[in-house]
Amino acid sequence: MLSKTIQEALNKQVALEAASSQAYLAMASWADIQPGLQGVADFFYQQSDEERVHMLKLLKFVNERGGFGVVPELKQPIITFLSLKRAFEEFLSHEIKVSESINDLVHQALQEKDYATHNFLQWYVSEQIEEERLARTLNDKLELIGEDKSGLYLFDRDIMNYRAQISKG
């Protein structure tokens, strides 16, 4: 059985994961209408789908543990970006925020001696390490590229490969 405070905290995380999915969907849509950024659009569409899976996993866990997983109301995310670099800076910022929230949840689960929730959250801890590393890698690459059009072309072409490289370790 989940305590009321753990249930509330997990539902906050459900909302954060849902907001992440929406934010990345907005980034994908923006990239989709930019010339030559189909790879980036595909990356963010996939990222959005992944965050939705994270949300569903949390929601189901809350319900399985005797709580009530709440489907959150979402506000409009940022829908336009001044540059590709700004979109990826927002991506990194968002992942850091999610990591901090997961860490707070882990801490709370340990304080309440809810070892089942603590164990469940370890997957998210590992996932966030990968997500932050991916976001940092892509931001570093964009910093190196600057405004070089051929570099941006290669970045867009190869972006899905970065995800695979990061997840392999």
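**Entry 1: L138 and the core.** I began with L138. Setting aside neighbours within four places in sequence, I found L138 in contact with F43, F88, F91, F155, I159 and Y162. I note here that the model is predicted.

Next I looked up the largest nonpolar core, which has 26 residues. L138 is among those with the most contacts inside it, together with V40, F44, L84, F88, F91 and F155. I then listed the elements that give this core two or more residues: helix 1 (4–32), helix 2 (38–64), helix 3 (84–111), helix 4 and helix 5. Helix 1 gives the largest share, 6 residues. I also found a second, separate core of 20 residues, including L10, L58, I102 and A109.

**Entry 2: N139.** I moved on to N139, in helix 4 (residues 115–145). Is N139 buried or exposed? N139 is buried, because its relative accessible area is 13%, and the cut-off for buried is under 20%. Beyond its neighbours within four places in sequence, N139 is in contact with K85, F88, E89 and L92.

**Entry 3: helix 4.** I checked the length of helix 4. Its 31 residues, at 1.5 Å a residue, should span 45 Å, and the end C-alpha atoms are 45 Å apart, so the two agree. I also found a kink of about 25° in helix 4, centred on L121. After helix 4 comes G146, with a positive phi near 65°.

**Entry 4: Q165.** Q165 is exposed, because its relative accessible area is 52%, and exposed means over 50%. Its C-alpha atom is separated from that of Y124 by 19 Å. Along the chain, Q165 and Y124 are 41 residues apart.

Note on methods
Residues are numbered from 1 along each chain as its sequence is written. This is a predicted model: local features need pLDDT of at least 70, side-chain atom pairs count only at pLDDT 80 or more; totals for chains, interfaces and linings use all residues. Side-chain values use heavy atoms; hydrogens and water are left out. Helices (H or I, at least four residues) and strands (E, at least two) are DSSP runs, numbered from the N terminus. Buried means under 20% relative accessible area, exposed over 50%, partly exposed in between (1.4 Å probe, protein chains only). Contact means heavy atoms within 4.5 Å. The expected span of a helix is 1.5 Å times one less than its number of residues. The bend at a residue is the angle between axes fitted to the seven residues ending there and the seven starting there. A nonpolar core is a set of buried Ala, Val, Leu, Ile, Met, Phe, Trp, Tyr and Cys residues joined through side-chain atoms within 4.5 Å.
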